[in-house]
Amino acid sequence: MTTYPDSYYAATANRTVTYPTLEGEVTADVCVVGGGYSGLSTAIALQEKGYKVVLLEAANIGFGASGRNGGQLVNSFSRDIDHIEKHYGLDTANAMGNMAFEGADCIRGLIKKYNIDADYKHGGFFAAFTEKQLKELESKKALWERFGNKKLSMVGKADVSKIVNTDAYIGGLVDEHCGHIHPLKLALGEAAALVSIGGEVFEQSKVIDIKNISEDGNEKVIVSTEKGHVKANLLVLAGNAYMGNLEPKLARKSMPCGTQIVTTEVLPEALAKSLIPSQYCVEDVNYKLDYYRMTADNRLLFGGGVTYGGGDPASIKRFLKPHMEKIFPAMKDYKIDYAWGGDFLLTVSRLPQLGKIGNSIYYAQGYSGHGVNTSHLAGKILAEAISGEQSRFEVFTGLPHYPFIGGRAMRVPMTMMGAWYYGLRDKLGI
Ligand SMILES: Cc1cc2nc3c(=O)[nH]c(=O)nc-3n(C[C@H](O)[C@H](O)[C@H](O)COP(=O)(O)OP(=O)(O)OC[C@H]3O[C@@H](n4cnc5c(N)ncnc54)[C@H](O)[C@@H]3O)c2cc1C
């Protein structure tokens, strides 16, 4: 049985409900593959629109990135709107800019509507090490304000300590439209919400085969697991970095990348408050960035780095502890209780891939490390497309997506070279 890694989230999610394994035949309007935010948010939006939805999860709800991530509701996309304008034109940039802040609202909306306890706290801080980074954040502020985010403010050196108590930064940008959550509690709460409105969830039900059939002149999809199958009119693939080669067309144009997180032991309350007085989540703006926040029970949760493989807990601690102590020297006296890794899905353009294969299969994947909000936006947009409202879906399907150069064998070395190059740029400040 595949289940959660030994993470802070798995230890504190208070999971009380398990869902059955699929056996025999079940019918649905839409079958969703993947119990992360993409699958769950699509399923909820469709079920709310009156479709009968069945969701299949290979392991447990939130087993993938959605139950392991930093919990930061980072706005916009992995490539920002100015980049989109430069490479894909003004119309695409305007359309995507108008959606850049919606994902966070979707999450807050679900939390409120379904009364999900996900330890939500509002506010986020982008931290700058250099004048150049600070200028870039000023441009980001102007850009995001153009698209309706009016909850932004620049912070100078003198005021950084009111947000985060470290000498590491020379300033930064506060985004009060951002926030942070306990990711696994959110995923579990979304699964419960789906079931509460009539959706069906199956765990330990890995999809191993997909077939298109014709029945009474209608196209149907047979989605098979080891012990059963779902017969549905439509299928949504939302397995992201954990889907392997189930659909080779999607595997070719994306690459799973590992990233790691550690969590300290519980800190004395006064210390926790003094380290991050604002209680915002923080990320720096290096290419290979560090991100962190205080948990609801006063642990420092700290992530960063990108690797192209697994990473055992001991080496994750060895790698991340020095990063943490650089920001907060006091952390050298506190031990790490949890260390785990997870995979996000990188695309060549670093933009999300939403689309359709044939007449019956929709998909959303590849948020390139920026997926807590975007996966929720994607779910809403897939549900719109399935129910006949195509315009926002077509903004995404209009984006070109390329395979990784050299195919599977070359994907890892090429992106390692990329990571090395970006690390060097951080060091040289260029
Ligand atoms: C360590 C880490 C930190 C991150 N931090 C942040 C952050 O702070 N902010 C941010 O915006 N983004 C962050 N991300 C990215 C973000 O978590 C992801 O983009 C997002 O959760 C993707 O959601 P998803 O539902 O598409 O995929 P996942 O959550 O990975 O879910 C996919 C699910 O599909 C299931 N599945 C796969 N194949 C099958 C199959 N054949 N049959 C049935 N089920 C299947 C998997 O078991 C899995 O549960 C982070 C990612 C990681 C790994």
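This is a predicted model: local features need pLDDT of at least 70, side-chain atom pairs count only at pLDDT 80 or more; totals for chains, interfaces and linings use all residues.
Student: OK. How far is the polar side-chain atom of Glu-57 from an oxygen atom of the ligand?
Tutor: The distance is 2.6 Å, from a polar side-chain atom of Glu-57 to a ligand oxygen. Ser-66 also places a polar side-chain atom by a ligand oxygen, at 2.5 Å.
Student: How much of the ligand does the protein bury?
Tutor: The protein buries 97% of the 1000 Å² that the ligand exposes when taken alone.
Student: Which residues come nearest to the ligand?
Tutor: There are 38 residues around the ligand, and the nearest are Ser-38, Glu-57, Ser-66, Val-207 and Asn-240.
Student: How does that shell divide into nonpolar, polar and charged?
Tutor: The shell has 18 polar residues, 16 nonpolar ones and four charged ones.
Student: H2, then. What unit does H2 make with S1 and S2?
Tutor: A right-handed β-α-β unit. Its strands, S1 (residues 24–33) and S2, pair in the parallel sense over four bridges.
Student: Which residue of S2 is the bridge partner of Cys-31?
Tutor: Val-54 is the partner of Cys-31.
Student: What about S6, how does that pair with S2?
Tutor: S2 and S6 (residues 200–202) are parallel too, with three bridges. Leu-56 stands opposite Phe-202 there.
Student: Which way do the S2 residues point, and are they buried or exposed?
Tutor: In S2 (residues 53–56), Val-53 and Leu-55 point one way, Val-54 and Leu-56 point the other way, and all are buried. In a regular strand the side chains alternate between the two faces of the sheet.
Student: Changing topic to the loops. Where does Asn-14 lie, and what is its phi?
Tutor: Asn-14 lies in the loop between helix H1 (8–12) and S1. Its phi is positive, about 50°, although Asn-14 is not a glycine. Most residues other than glycine have a negative phi.
Student: Why does Asn-14 count as exposed?
Tutor: Because its relative accessibility is 59%, and exposed means over 50%.
Student: Where is Asn-115?
Tutor: Asn-115 is in the loop between helix H5 (102–113) and strand S3 (121–128). Asn-115 has a positive phi of about 55° and is exposed, with a relative accessible area of 71%.
Student: And is Asn-286 buried or exposed?
Tutor: Asn-286 is buried, because its relative accessible area is 17% and the limit for buried is under 20%. Asn-286 lies in the loop between strand S11 (281–284) and strand S12 (290–294).
Student: What does the side chain of Asn-286 make a polar contact with?
Tutor: The side chain of Gln-133, at 2.9 Å.
Student: Last one. Where is Arg-15 found?
Tutor: Arg-15 is in the loop between H1 and S1, and counts as partly exposed at 26% relative accessibility.

How values were computed:
Residues are numbered from 1 along each chain as its sequence is written. Side-chain values use heavy atoms; hydrogens and water are left out. A residue is near a molecule or strand if one of its heavy atoms lies within 4 Å of it. A polar contact is a pair of N or O atoms within 3.5 Å; within protein, one must be able to donate a hydrogen and the other to accept it, and residues adjacent in sequence count only if both atoms are side-chain atoms. Accessible areas come from the Shrake-Rupley method with a 1.4 Å probe; for residues, only the protein chains shown count as cover. Ala, Val, Leu, Ile, Met, Phe, Trp, Tyr, Cys and Pro count as nonpolar, Asp, Glu, Lys and Arg as charged, and the others, Gly among them, as polar. Buried means under 20% relative accessible area, exposed over 50%, partly exposed in between (1.4 Å probe, protein chains only). Helices (H or I, at least four residues) and strands (E, at least two) are DSSP runs, numbered from the N terminus. Two strands pair if DSSP finds at least two bridges between them. A crossover is right-handed if, with the strands pointing away from the viewer, the path from the first strand over the helix to the second runs clockwise.
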